[in-house]
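Please keep the sequence and the model in view while reading.

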Amino acid sequence: MTVIEQIDLLSQLDEQSFLEQEVELKDISFRRISREEAKDMLLNYHYLHRLPPMSFIYGAFVDNVLGGSLTVGKPASMPLCKGVAGETYSPQVYELNRLYTMDFLPKNTESMFVGYMLKDLKPLNLILISYADKGMNHS
């Protein structure tokens, strides 16, 4: 089921009661998901409305409803990779390039989401970079 279909289903199933229930951090589960699972959410809800390079894709779920997506991919700039890690380690440079969570998820969801991703990717010994878009008041 696509994200759009899930959201449509929520609105048909008394969305207000679902969103008004107090979702707590303990109610959220994280796992790797497919490109297709993340695609609808990123194209329709993330402010950039386009897909980045995606090597690792994660979802945040409440009651099997996708409530967030996080993606990690290769940066577009090879000189950046070399500048960050040098020629030898530049292939290990990846970027956390999308993070989106729906409003019904509680405070600190994003921190838990990033923590889950970091723990999952730790065995790969990657060098991760990320940027904050100050134009969107990210810090």
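Val-23 is placed in the loop between α2 (15–20) and β1; helices (H or I, at least four residues) and strands (E, at least two) are DSSP runs, numbered from the N terminus. The model is a predicted one, in which local features need pLDDT of at least 70, side-chain atom pairs count only at pLDDT 80 or more, and totals for chains, interfaces and linings use all residues. Residues are numbered from 1 along each chain as its sequence is written, and side-chain values use heavy atoms, with hydrogens and water left out.

Val-23 has a relative accessible area of 5% and is therefore buried (buried means under 20% relative accessible area, exposed over 50%, partly exposed in between, with a 1.4 Å probe and protein chains only). Leaving aside neighbours within four places in sequence, Val-23 is in contact with Ile-28, Val-62, Phe-104, Leu-105 and Pro-106, where contact means heavy atoms within 4.5 Å. Val-23 and Val-62 are 39 residues apart along the chain, and their C-alpha atoms are separated by 8.0 Å.

The strands form an open sheet of five, in the order β1-β2-β3-β4-β5, with mixed pairing. Its edge strands, β1 (28–32) and β5 (127–130), each pair on one side only. Two strands pair if DSSP finds at least two bridges between them.

| Strands | Sense | Bridges |
|---|---|---|
| β2 and β3 | antiparallel | seven bridges |
| β3 and β4 | antiparallel | six bridges |
| β4 and β5 | parallel | four bridges |

Individual partners can be named: Gly-59 is bridged to Ser-69 in β3, Gly-68 stands opposite Thr-101 in β4, and Glu-95 has Ile-129 in β5 as its bridge partner. The hairpin of β2 and β3 has two residues between the strands, and Asp-63 there takes a positive phi near 50 degrees.

Helices accompany the sheet. Helix α5 (residues 109–121) lies across β1, β2, β3, β4 and β5 and runs at about 145 degrees to β4. Axes are lines fitted to C-alpha atoms, for helices over the stretch in contact, and angles run from 0 to 180 degrees between N-to-C directions.

Strand β3 is mostly covered, with nine of its nine residues buried. Thr-71 is found in this strand and counts as buried because its relative accessibility is 0%. The side chains of Thr-71 and Asn-97 are joined by a polar contact of 2.5 Å; such a contact is a pair of N or O atoms within 3.5 Å, and within protein one must be able to donate a hydrogen and the other to accept it, while residues adjacent in sequence count only if both atoms are side-chain atoms.
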